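We'll take a walk through some of the strands, stop at a helix, and end up at the ligand.

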Amino acid sequence: NVSIWHVCCIGAGYVGGPTAAVMALHNPNVRVTVVDRDETRINAWKGRHLPIHEPGLASVVRLARDGSKERRQGARGQAAAGATKGSQTPTDGSSHSSRQPNLFFSTACAETIANADMILVSVNTPTKLRGVGAGRATDMTAVEGAVRDVAIHARPGTILVEKSTVPCKTGQLIKDILEAYRPGISFPVLSNPEFLSEGTAIRDLMKPDRVVIGCESTIPGHRAAAALANLYASWVPRSKIAPIGLWSSELCKLAANAMLAQRVSSINSISAICERTGADVSEIAKSVGMDARIGSQFLKAGLGFGGSCFRKDIASLTYLAESLGLPEVAAYWQQVLEMNNFQRDRFARHVISSLNNTLRGKKIAILGYAFKKNTGDARESPALDVIRILLEENPRCVAIYDPLCSAADIQRELRVLEDDRPLMRPDGPVQIMSSAYEACADSNAVLVLTDWDMFKNSRPVAGSKPVEVAVDQFDGAAPASILRLPLRSEKPPTPPETPKMQTLESEQDDRLVPEPPCPADCTECQTSG
Ligand code: NAI
C-alpha cells in the first residue's frame with residue numbers, strides 16, 4: 001500500500017481550492033498544500049476574503065487552514081455538519097476537541113512539488129484561441145507547464161492526478177512529458193475528473209454522486225488508484241468510488257458535461273416551439289421530468305447554459321470527434337452549442353422587439369451577470385451575448401448589477417465587446433452599478449439574467465405600476481425574464497421606504513448572497529496570511 005502524507009494541488013482556482021480544502025478537512029493527518037503562480041490569488045486564500053465565493057467554503061477553509069481549539073468546536077461542527085448534511089460522519093477528527101492546521105496555500109511550487117507524495121493538477125484548460133483547432137481544441141499550456149514542473153521537481157514514484165478536464169488520451173501526453181524530462185523514472189498517472197458545480201461546490205464535494213478514478217491497468221497504476229481512493233474513503237462511501245480505465249475516466253467528464261448541456265438545449269428547443277404554439281414550456285418540462293427514465297434536472301428553459309465548462313468541454317468533444325475522423329459525431333454535439341446560441345439570440349431580439357424595435361435613448365437594466373446564482377464567476381456568462389446584441393441597437397445605457405461578480409471581473413469579460421468605442425468610460429453606454437435600485441432607476445426594461453434568490457419574487461420597481469412580464473415563455477424559466485417598466489416619460493420608479501428587495505437582502509444568509517467581493521483596499525487581506 002502506498003501511504004500519502006503530503007498532497008500538493010497545483011492550481012488554486014474554483015476546483016483546486018475547494019477540492020483541496022474538503023480533502024484536508026477529512027484527512028487531518030495529511031498535509032494538503034495548494035500552490036499557484038498567481039500570488040494575489042494565494043494571498044486571498046490565506047486571508048479572510050477568499051478569492052472565490054461558494055456557500056460553506058469559508059468555514060471549511062478556516063477549519064482546515066487555521067485549525068481549531070476546543071472553544072471553536074461549534075464552528076467546526078457547523079462547517080462539517082452543514083456541508084455534509086445527511087452524509088456519514090467524516091473521519092476528520094471533528095469528534096475531537098481540536099485539530100491542527102493541515103491546509104496550506106503557497107506560491108512555492110517547486111518546493112511543494114518536491115515534498116509531495118501525490119500531486120493534483122487542477123489548472124485551467126480553456127479553449128484555444130489561436131492556431132490549429134482555435135475555438136474548439138483545448139489549450140493545454142497550463143497542464144503542460146504544471147506537468148513540466150512535476151517532471152523537474154517531483155520525487156520518483158510521486159503520483160500525478162489529472163483533476164483538470166482534459167481531452168481523452170491526455171494521460172499519454174503527460175507520460176511523454178515526464179519521460180522526456182526524467183527518462184526511466186516511474187510516475188503513476190491517474191485521472192480523477194471533478195464533477196462539482198459552481199454555487200454548490202462544497203455540497204457536491206462533501207456528498208458526491210460518484211468519485212471516478214481512472215488508472216492504467218498495471219500494478220503501480222492500481223496501487224496509485226488505491227492510495228487516492230483511500231483519501232476519498234475518509235468521507236465518501238466506498239460504493240461511490242468507481243475505479244475505471246484512464247481513457248474512460250478522461251472521456252467520462254466530457255461525456256457527462258455534454259449530456260447535461262444537451263438536456264438544456266433540448267428543452268430550450270422545445271421552448272421555441274412553445275412560443276409559436278402557445279404551449280407552456282414549464283408545464284412540458286414538469287411532465288417530461290416526471291418520467292422516471294428522464295428525471296427532472298436540467299430541464300429548465302431559459303437563456304441556456306453558461307459558465308466556464310459546458311461550452312468549452314463540448315467544443316473539446318467535437319474537436320476530439322473530428323480529429324478521430326468522426327465528423328457526424330462532431331456535428332451532433334455541435335448542435336447543442338448552436339441551440340444555446342440561438343436561445344440567447346432569440347431572447348435579446350425579443351427584448352428589442354418588446355421595446356418597439358429600437359433601444360436608442362433607452363436604458364436597460366440587467367439584474368445578475370453571473371451564469372448562475374451563488375457564484376461570483378463572471379466567465380462565459382450568457383449575459384455577455386445578450387449585452388452584445390443590445391449594444392448593436394445603441395441604447396442610452398446598459399446598467400448591470402450583480403450581487404457577487406466584482407465590477408473588475410465584469411469589465412474584463414465585457415472588454416471583448418469593445419471595438420473602437422470604449423464601452424465602460426464613466427459616460428459610456430455600459431455602467432456597472434452597486435445596487436439593483438441604481439441599475440433599475442429610470443430604466444425602460446429590467447432583464448433578470450441570473451436566478452439569484454434576491455431577484456425572485458422581488459419587485460425591482462416597487463412603488464410603480466405592476467410589473468408586466470413581456471416574454472411569457474421565458475418567464476417561468478428564470479434566468480431570463482424581461483420585466484417591462486414604465487416608460488421614462490411616466491413617473492420614474494422610486495424605491496419605497498422599506499423596499500422588498502432590501503428586506504430580502506437584509507434577511508439574507510450565506511445561501512442567498514454570500515459575502516460580497518473583497519474591497520481592493522481591504523486591510524485585512526493585505527495584512528493577514
Ligand atoms: P481557474 O482558472 O479558476 O484556476 C486555475 C488556476 O491554475 C489559476 O489560478 C492559475 O493561476 C493556476 N495555474 C495555471 N498554471 C499553473 C502552473 N503551472 N502552476 C501553478 N498554478 C497554475 O480554473 P478552474 O475553474 O478551477 O478549473 C480548473 C480545471 O477544472 C479546468 O480544467 C476546468 O475545466 C475543470 N473544472 C472546472 C469546474 C468549474 O466549475 N470551474 C468544474 C469541474 C471541472
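Strands E7 and E8 (residues 241-245) run parallel, joined by 5 bridges. If you want a spot to look at along that pairing, find Ile-213, whose bridge partner in E8 is Pro-243. Keep in mind that what you're looking at is a predicted model.

Now stay with E7 and look at its other neighbor. Strand E6 (residues 189-191) runs antiparallel to E7, and 2 bridges join the pair. Here Ser-191 has Gly-214 of E7 as its bridge partner.

How many of the residues of E7 are buried? The count is 5 of the 5 in residues 211-215, so the strand is largely enclosed by the rest of the structure. In a regular strand, side chains alternate between the two faces of the sheet. You can follow that along E7: Val-211, Ile-213 and Cys-215 point one way, while Val-212 and Gly-214 point the other.

Strand E5 (residues 159-162) is worth a look too. Ile-159 and Val-161 go one way and Leu-160 and Glu-162 the other, and all of them are buried, Glu-162 included. E5 pairs with strand E4 (residues 118-121) in the parallel sense, over 4 bridges. To find the pairing on screen, look for Met-118, which stands opposite Ile-159.

Last stop: the ligand. Where does it sit? Domain 1 (6-236) and domain 2 (254-334) both give residues to its shell, so the ligand lies between them. There are 26 residues around it, and Asp-36, Arg-41, Thr-125, Glu-198 and Lys-312 come nearest. Sorted by class, that shell has 8 nonpolar, 9 polar and 9 charged residues. Helix H6 (residues 141-153) gives the most to it, with 3 residues.

The side chain of Arg-379 has an N or O atom 3.0 Å from a ligand oxygen. Arg-37, for its part, puts a polar side-chain atom 3.4 Å from a nitrogen atom of the ligand. On its own the ligand has 830 Å² of accessible area, and the protein covers 92% of that.

Definitions and conventions: Residues are numbered from 1 along each chain as its sequence is written. This is a predicted model: local features need pLDDT of at least 70, side-chain atom pairs count only at pLDDT 80 or more; totals for chains, interfaces and linings use all residues. Side-chain values use heavy atoms; hydrogens and water are left out. A residue is near a molecule or strand if one of its heavy atoms lies within 4 Å of it. A polar contact is a pair of N or O atoms within 3.5 Å; within protein, one must be able to donate a hydrogen and the other to accept it, and residues adjacent in sequence count only if both atoms are side-chain atoms. Accessible areas come from the Shrake-Rupley method with a 1.4 Å probe; for residues, only the protein chains shown count as cover. Ala, Val, Leu, Ile, Met, Phe, Trp, Tyr, Cys and Pro count as nonpolar, Asp, Glu, Lys and Arg as charged, and the others, Gly among them, as polar. Domain bounds come from an automatic or database domain assignment. Buried means under 20% relative accessible area, exposed over 50%, partly exposed in between (1.4 Å probe, protein chains only). Two strands pair if DSSP finds at least two bridges between them.
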